[in-house]
Amino acid sequence: MTSMTMIQAINSALDVAMGADPKIVVMGEDVGYFGGVFKATEGLQKRHGKTRVFDTPITECGIIGVAVGMCAYGLRPVPEIQFADYIYPALDQIVSEAARLRYRSAGEFIAPITVRSPFGGGIFGGQTHSQSPEGIFTHVAGLKTVVPSNPHDAKGLLIAAIEDNDPVIFFEPKRIYNGPFDGHYDRPVQPWSKFAESEVPEGHYTIPLGKAKLVREGGDVTILAYGTMVHVAAGVIAETGIDAELIDLRTLVPLDIEAITSSVRKTGRCVIVHEATKTSGFGAELSALVQEHCFHSLEAPVERVTGWDTPYPHSLEWAYFPGPVRLGEALKRVMRD
Amino acid sequence: MSDESARPNLRALSLHVPEPKFRPGDAVDFSDFAIPPAGSVARPDTAVDAGEIKDHVYGLIRVLDEEGRAVGPWDPKLAPERLIRMLRHMALTRAFDDRMYRAQRQGKTSFYMKCTGEEATSIGAAHALDRDDMCFPSYRQQGLLIARDWPIVDMMCQIYSNRGDRLKGRQLPIMYSAKEASFFTISGNLTTQYPQAVGFAMASAAAGDTRIAAAWCGEGSTAEGDFHSAMTFASVYRAPVILNVINNQWAISSYSGFAGAEATTFAARAVGYGMAGLRVDGNDALAVYAATEWAAERARGNHGPTLIEHFTYRAEGHSTSDDPTKYRSAEEGVKWPLGDPIARLKGHLIAIGAWDEDRHAAMDREVAEEVRAAQKQAEKLGLLSDGLKQPFDSMFEDVFEEMPWHLREQMAQMKAEREAAGL
């Protein structure tokens with residue numbers, strides 16, 4: 001076990017996976033010699049060679065299109081989209097191609113691609129370096145969507161995603177690359193080394209896709225979260241003393257429905273929290289599922305605490321971000337009912 | 001804009017909107033259509049620096065002259081047996097198209113697309129490639145499968161979405177997939193296959209393999225971002241790939257001017273990427289063969305990709321859902337100055353004494369009979385029109401390798417609802 005930041009854990013996952021399978025290639029803007037703008041691919045080109053880890057032209061459509069063609073040859077590409085905000089030019093190749101190959105060719109061709117992309121805000125990135133577009137991808141048949149919340153999970157989930165035979169969108173919450181974030185932006189960042197989840201095995205291990213993690217047991221209300229919001233929720237629970245059960249979904253598709261329903265049936269209350277905009281966000285899907293599966297157990301309306309339905313504003317970042325104040329208010333509301 | 005905002009001392013801007021020369025009812029006159037003589041374009045070494053052959057993108061490689069002779073440096077000097085095989089593949093493709101078009105008109109399936117007039121662009125290319133070179137086709141390259149002797153019954157079953165359809169009735173007719181024939185699953189979204197072909201070629205090169213890749217798109221869809229992404233990737237990594245543009249003049253009802261043909265050729269797109277570009281008479285099977293052979297040799301020698309524009313004419317509608325008489329002159333196809341690819345190859349074979357009218361007529365009868373027999377066999381496995389042939393469960397299969405709970409739940413729900421409704 002070594003204490004790693006999330007970046008180091010992701011780097012280790014790529015390194016371990018590439019060492020085990022020569023079919024894995026890593027590509028993207030600035031990922032080669034330089035090692036990526038967040039340094040997630042640092043040292044990989046030196047260790048695995050220029051034909052397996054290389055820089056690409058700045059065309060996300062091209063990056064994913066080329067990855068799909070590499071799959072037809074038998075490779076398992078792990079392209080990086082530098083920011084999730086840049087992923088839209090690649091949408092057609094992801095949605096109409098990678099996600100549909102298996103189906104439309106009845107299994108003749110598959111797309112075992114893992115698209116890594118830093119996402120989410122809280123870094124003063126403005127509207128083009130802060131978005132959380134996971135709901136666009138969870139809506140697409142044939143895609144899996146994964147969001148880790150700590151170094152240990154990031155490595156295990158990333159290796160599992162790379163070894164999966166279906167395309168996976170792997171969103172990395174960049175606000176917590178170097179340390180967890182409880183939403184108190186005015187406080188100094190705590191490094192990962194102070195937290196148990198930074199203890200990462202150096203070798204190969206996987207965390208199965210589709211399995212949520214029970215972060216904290218509680219009896220009064222279930223909080224469903226993923227990515228950065230897991231830490232915001234944990235902070236609010238500690239501050240308010242509410243006996244909340246906190247579930248880190250980790251994988252959005254396929255979703256661990258069992259973990260959700262068994263918790264909500266127990267607590268009778270549910271608060272969903274994500275950073276993405278509210279309307280048609282993944283929280284809407286979660287809310288509908290809770291209502292469908294747990295209607296008779298609910299003692300209060302399901303609450304969603306999300307980013308507002310606006311572009312991500314630069315100077316008003318902390319008014320947009322669904323931080324401790326907003327989550328605290330939501331918890332109070334559901335507990336009143 | 002209102003008058004107040006006009007600035008009378010400055011010249012008013014005007015917007016140019018392209019307009020094809022001939023519309024329905026117009027008399028067609030191609031007399032200003034300059035056809036370079038066959039044999040007039042030089043054939044450079046396949047290792048040539050792309051910068052040295054920039055003129056090729058504005059020329060037109062032609063091998064067959066007006067008398068049916070094969071002339072000039074691009075003559076691939078193929079044995080008559082090979083030429084006859086190519087002719088037969090083109091004739092079979094045309095017979096297949098005619099039959100399947102009629103099947104759609106008879107209501108046996110939902111959709112069909114012919115490649116009439118463009119047969120040489122697929123069949124000439126397929127003959128010049130190795131059988132394991134990976135093809136990333138668009139939707140009008142049925143000739144590739146036929147040239148690779150893929151069973152036409154299998155293609156028909158796909159068109160009928162019947163019990164014999166390996167694709168389980170999931171794809172629009174003609175969106176084939178045939179991995180064994182090194183033929184990638186056809187998308188329907190345009191030019192997505194271009195960067196994919198480049199990716200395959202890059203992977204093959206990185207592996208030290210010998211297989212190359214080839215992609216096809218129409219001139220209309222060269223406007224897509226995917227085209228330009230692919231060109232950039234292909235050029236940057238010198239990918240062993242052949243990128244074909246089938247310039248058949250029409251993208252449904254939009255003539256090639258809406259993809260930039262008024263300004264330059266499609267082969268000229270190569271110049272900006274520092275890529276070799278060739279422009280070929282697409283109705284001349286020997287020229288298509290020769291250009292593909294050149295590009296393949298260039299790719300195999302690690303000299304990089306080639307863009308080939310195949311200058312041809314879409315002799316029929318875009319698809320069975322299209323009526324070209326509504327937007328173009330019917331005379332265009334009849335008077336097309338580059339003729340018909342089958343007639344031209346036939347003329348050449350007759351000119352060299354390897355063929356005659358009787359043998360041609362016999363071949364036409366044979367391919368028609370082959371198609372008829374295949375159709376009979378395919379129709380035994382059902383038609384799209386006579387009820388669903390795929391098990392309902394199959395709808396939920398292959399979305400993922402393993403079916404997740406939400407799809408299992410939806411499958412069960414579908415069954416329960418159908419049962420409750422007495423279906």
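**Helix packing and burial in a predicted model**

**Exercise 1.** Helix H3 (residues 60–73) and helix H4 (residues 91–98) of chain A pack at an angle of about 25°, with their axes 7 Å apart; determine how the two helices are oriented to each other.

*Solution.* Axes are lines fitted to C-alpha atoms, for helices over the stretch in contact, and angles run from 0 to 180 degrees between N-to-C directions. Angles under 35 degrees count as roughly parallel, and H3(A) and H4(A) are therefore roughly parallel to each other. Taking contact to mean C-beta atoms, placed from the backbone, within 7 Å, A:Cys61, A:Ile64, A:Gly65 and A:Val68 of H3(A) meet A:Asp92, A:Gln93, A:Ile94, A:Glu97 and A:Ala98 of H4(A). By class, this contact has five nonpolar, two polar and two charged residues.

The model is predicted, so local features need pLDDT of at least 70 and side-chain atom pairs count only at pLDDT 80 or more, whereas totals for chains, interfaces and linings use all residues. Residues are numbered from 1 along each chain as its sequence is written, and chains are lettered from A and ligands numbered from 1 in the order in which they are written.

**Exercise 2.** Work out whether helix H1 (residues 6–20) of chain A is enclosed or open, and name elements that cover its buried residues.

*Solution.* A residue is buried if 20 or more other C-beta atoms lie within 10 Å of its own; 11 of the 15 residues of H1(A) are buried, so this helix is largely enclosed by the rest of the structure. Among the buried residues are A:Met6, A:Ile10, A:Leu14 and A:Met18. Their cover includes strand E2 (24–28), helix H7 (151–163) and strand E7 (168–173) of chain A.

Note on methods: Helices (H or I, at least four residues) and strands (E, at least two) are DSSP runs, numbered from the N terminus. Angles under 35 degrees count as roughly parallel, over 145 as roughly antiparallel, 65 to 115 as roughly perpendicular and the rest as oblique. Two residues are in contact if their C-beta atoms, placed from the backbone, lie within 7 Å. Ala, Val, Leu, Ile, Met, Phe, Trp, Tyr, Cys and Pro count as nonpolar, Asp, Glu, Lys and Arg as charged, and the others, Gly among them, as polar. A residue is buried if 20 or more other C-beta atoms lie within 10 Å of its own, exposed if 12 or fewer, and partly exposed in between; C-beta atoms are placed from the backbone.
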